[in-house]
Amino acid sequence: MTMPNAPTAPVSFTRGEILQAAPPPASLVGPIGWMRANLFSSPLQALLTVVGAYIAYKLVWTFVDFTIIRAVWTGADRDACLDEKVGRSVGACWPFVWAKFGQFMYGFYPLDSRWRVDLTGIVAIVLLVPLLIPSVPHKALNAVLFFGAFPILAFNLLYGGSIINPWLVVLGWIAIVAGIGLLVAYLMGRADGSASDAILKYGAGALAVGVAAMVLVRSGMFAAPALPVVETRQWGGLLVTLVVATVGIVAALPIGVALALGRRSKMPIIRFLSVAIIELVRGVPLITVLFFATYMLPLFLERSPDAMVRVLVGVSVFSGAYMAETIRGGLQAIPKGQFEGAMALGLNYPRMMGLIVMPQALKLVIPGIVNAFIGLFKDTTLVSIVAIFDLLGGMRAGFTDPQWASPVTLYTGFAFAGIIYFAFCYFMSRYSIFVENRLNTGRRR
Amino acid sequence: MAIMTDGTVPARGTSATKVAFFNDPKVRSLIFQGLALALLVFVIYSAVSNAVTNLSNQRIAAGFGFLDQTAGFGISQTPIAWSESMSYGRAFVIGLLNTLLVAVVGIFFATILGFIVGVSRLSPNWVISKIAYWYVEIIRNLPLLFQILFWYLAVLAAMPTPRNSYSLFGLFFANQRGITVPKPIFEAGSGAIGIALIVGIIAAFAVRSWARKRQAATGQQFPVVSTMIGLIFGLPILAYLASGMPVSFDYAQQGRFNLAGGMTLIPEFVALTLALVAYTAAFIGEIVRAGIQAVSHGQTEAGRSLGLAEGRILNLIVIPQALRVIIPPLTSQYLNLAKNSSLAVGIGYPDMVSVGGTILNQTGQAIEIIAMWMGCYLTISIVTSIFMNWYNARIALVER
């Protein structure tokens with residue numbers, strides 16, 4: 001049908017382009033929409049939000065108010081922190097912390113030797129930070145320095161005594177063990193005809209070097225360049241916390257590897273011994289292990305070792321048993337093909353484990369190791385029960401000082417120690433998550 | 001295979017050089033085990049011989065004879081009768097009971113709080129999930145001993161003096177000396193209530209298993225939950241009324257200087273329990289969260305498409321599957337709590353370690369006391385593991 005007088009304009013209208021989508025209702029987007037979805041989605045949720053926000057506000061405000069707003073920052077003794085002397089309600093008494101700072105950090109370490117502690121800390125940071133950052137090269141050298149050389153240096157600095165002798169002792173023991181190992185290998189080689197004179201020569205040489213080192217130590221020739229000895233009972237504060245935690249975790253690694261391999265071994269006696277040690281230690285609280293090390297170990301030895309050494313032995317065995325289970329988890333995650341591949345290449349057990357299996361397993365359990373370290377760092381507080389003054393013990397000792405006795409001293413001490421513990425543990429747990437995410441990249445889809 | 005110079009192939013099983021005896025894996029394993037055994041024997045021998053010398057030097061007689069001697073020290077919380085003239089053995093038993101008490105109470109409340117924390121972390125409510133997140137972060141990153149001391153020295157010490165106790169409904173009081181609650185007094189005939197409770201629990205579970213079987217067979221449902229609640233609570237109440245109301249409560253009265261009557265929980269117990277509950281709940285919360293997240297979202301969606309209500313999806317689909325993931329790590333948290341209760345020694349709550357430490361200092365019997373500690377803790381660990389393994393096996397996925 002046509003209309004003669006129709007205009008030339010098109011009869012129907014068709015849009016050439018798609019209509020712009022209408023904006024969503026204002027109640028669904030932006031801050032209001034977010035709040036409706038996440039805070040006030042139902043009357044119950046609204047109530048929870050309000051109550052929760054109030055409690056959170058109260059807690060955060062109490063903390064900020066106490067530690068910053070009402071806090072006292074300078075002063076010489078308790079008078080600075082008493083309500084009636086200051087004329088207002090007083091918060092944290094920070095001068096108490098400044099005055100006790102040395103005690104919290106070093107314990108009773110002699111004042112003129114505290115630079116040694118600082119230096120140890122700086123060297124530790126310089127060696128540890130590159131080790132923790134994955135992109136920094138020379139990891140092997142770095143690890144040898146941190147796990148091999150640094151402990152001796154730290155012993156030199158923290159304990160004192162001859163500077164050269166500890167190095168000679170360690171070198172001597174390594175040489176003696178290597179020498180005996182090589183000589184045994186030579187004797188075994190003679191039986192199947194693969195012995196070479198080079199092994200004999202190296203073995204004898206190593207043994208000679210080791211014996212010479214021991215003789216030098218005994219002769220007292222290198223007693224001269226020495227730092228004054230600081231007995232461990234003078235150590236304290238954060239220094240002890242860090243020493244116990246670090247020694248514990250470093251010693252736990254070899255103990256853990258040995259026990260984990262022992263538990264997976266095919267030799268019944270070795271396996272039984274490993275399982276017995278692991279389960280016995282994991283079944284009892286750390287404090288009983290510490291009591292064992294402090295009171296029982298001296299009975300079993302001819303000479304009672306230093307109190308700190310006893311605690312370190314207890315902590316190392318304890319964390320070693322837990323580490324063994326962590327490492328066993330890593331070992332179980334290695335596919336059987338890796339073991340079979342190594343065997344097919346003709347590698348013997350130490351090489352198979354050292355070159356193929358352990359590097360993969362240990363890499364897998366780095367987050368577990370960091371978590372173990374966090375646990376150990378927290379557990380070091382227990383040493384204060386066996387009369388070794390760590391950070392927490394130092395804090396408790398500080399409360400009893402009449403010069404600083406005030407109603408807020410206690411809370412200030414808790415705030416300070418709490419912030420330190422939290423800062424350390426929180427940083428380490430973030431690092432553990434970071435490593436975990438990095439390791440997961442290969443598995444992520 | 002090597003070809004000999006004369007062109008023949010060597011017979012299978014022979015080789016040019018004979019393998020030395022120590023390269024035989026069997027012999028080698030025997031050698032290593034023999035060495036380990038020899039080392040062990042040497043360590044034990046030297047430890048024992050040193051211990052004998054040291055003990056005789058210190059004039060300490062080895063053995064458990066000291067347990068019969070008079071202890072002569074007071075204990076601040078005694079579940080069973082105690083006086084200073086009783087023996088060391090009984091003191092140790094009281095310590096063990098106190099450890100078990102704090103462990104059981106702690107596990108109960110830590111489980112409840114932990115589940116609340118875990119569910120809160122997954123809450124769609126932003127404020128609630130953030131609070132739960134920071135609760136977990138802060139609690140997990142502070143040492144437990146620090147927290148125990150904080151509750152004991154900072155929180156409970158800030159409580160008012162007994163004169164100005166905080167009071168809830170006039171029934172519960174909190175002050176520096178602990179928390180006072182009404183004390184139940186059982187008179188003659190109250191045994192019937194206990195029997196009724198046990199009968200009620202057994203009957204309730206019998207009804208549940210009967211109802212399940214009937215539902216599986218016929219599809220008919222039965223109001224199980226209300227019946228169970230009725231049996232467990234109703235029967236003891238009936239027995240209470242029938243036997244002439246033999247249980248009364250001794251309420252604490254606010255005196256001029258102190259509270260009189262009631263049952264007081266000592267501050268050490270309160271502080272230790274609060275710290276253990278708060279600490280373990282943070283770990284349990286993470287376990288619960290991981291367990292719930294491990295149930296794939298498809299399960300929830302499938303439940304919805306079947307037309308189930310949200311509550312039933314949670315009860316019938318999500319929780320049973322989440323529990324399988326939750327139970328094994330939950331077991332180790334329970335064990336941790338029991339072991340961590342040993343930190344009681346830090347604030348002087350008379351648990352096994354604290355009482356044992358006192359005995360150790362008085363008698364010097366280090367070997368015996370430490371052996372008793374380890375034996376008790378290992379027993380607790382093994383019993384808990386066996387129970388939780390049994391429970392785990394019950395709820396585990398039954399596959400073909």
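How far apart do the C-alpha centres of domain 2 of chain A and domain 3 of chain A lie? In this predicted model, the separation between these two centres is 26 Å.

## Domains of chain A

Chain A is divided into domain 1 (43-99 + 402-440), domain 2 (110-158), domain 3 (161-227) and domain 4 (235-388). Where domain 2 of chain A touches domain 3 of chain A, four residues are contributed by domain 2 and five residues by domain 3.

On the domain 2 side of this contact, helix α6 (residues 139-159) of chain A supplies the largest share, three residues. By class, the residues on that side of domain 2 of chain A comprise two nonpolar, one polar and one charged.

## Helices α4 and α9 of chain A

Helix α4 (residues 94-106) of chain A and helix α9 (residues 237-263) of chain A have axes that come within 2 Å and cross at roughly 20°. Because angles under 35 degrees count as roughly parallel, α4(A) is described as roughly parallel to α9(A).

The residues of α4(A) in this contact are A:Gln103, A:Phe104, A:Met105 and A:Tyr106, which meet A:Gly237, A:Leu238 and A:Leu239 of α9(A). The contact of α4(A) with α9(A) includes five nonpolar and two polar residues, with no charged residues.

## The strands of chain B

Strand β2 (residues 172-175) of chain B pairs with two other strands, β1(B) and β3(B). Strand β1 (residues 166-168) of chain B is antiparallel to β2(B), with three bridges between them; B:Leu168 has B:Phe172 as its bridge partner in β2(B). Strand β3 (residues 178-181) of chain B also runs antiparallel to β2(B) and is joined to it by three bridges. In that pairing, B:Phe173 has B:Thr180 of β3(B) as its bridge partner, and a hairpin of two residues connects β2(B) to β3(B).

In a regular strand, side chains alternate between the two faces of the sheet.

## The loop residue B:Thr70

B:Thr70 is located in the loop between α1 (25-57) and α2 (88-121) of chain B. Is B:Thr70 buried or exposed? B:Thr70 is exposed, because 12 other C-beta atoms lie within 10 Å and a residue with 12 or fewer is classed as exposed.

B:Thr70 and B:Met86 are 16 residues apart along the chain, and their C-alpha atoms are separated by 5.4 Å. Leaving aside residues up to four places away in sequence, B:Thr70 touches B:Ser85 and B:Ser87.

Terms used
Residues are numbered from 1 along each chain as its sequence is written. Chains are lettered from A and ligands numbered from 1 in the order in which they are written. This is a predicted model: local features need pLDDT of at least 70, side-chain atom pairs count only at pLDDT 80 or more; totals for chains, interfaces and linings use all residues. Domain bounds come from an automatic or database domain assignment. Two residues are in contact if their C-beta atoms, placed from the backbone, lie within 7 Å. Helices (H or I, at least four residues) and strands (E, at least two) are DSSP runs, numbered from the N terminus. Ala, Val, Leu, Ile, Met, Phe, Trp, Tyr, Cys and Pro count as nonpolar, Asp, Glu, Lys and Arg as charged, and the others, Gly among them, as polar. A residue is buried if 20 or more other C-beta atoms lie within 10 Å of its own, exposed if 12 or fewer, and partly exposed in between; C-beta atoms are placed from the backbone. Two strands pair if DSSP finds at least two bridges between them. Axes are lines fitted to C-alpha atoms, for helices over the stretch in contact, and angles run from 0 to 180 degrees between N-to-C directions. Angles under 35 degrees count as roughly parallel, over 145 as roughly antiparallel, 65 to 115 as roughly perpendicular and the rest as oblique.
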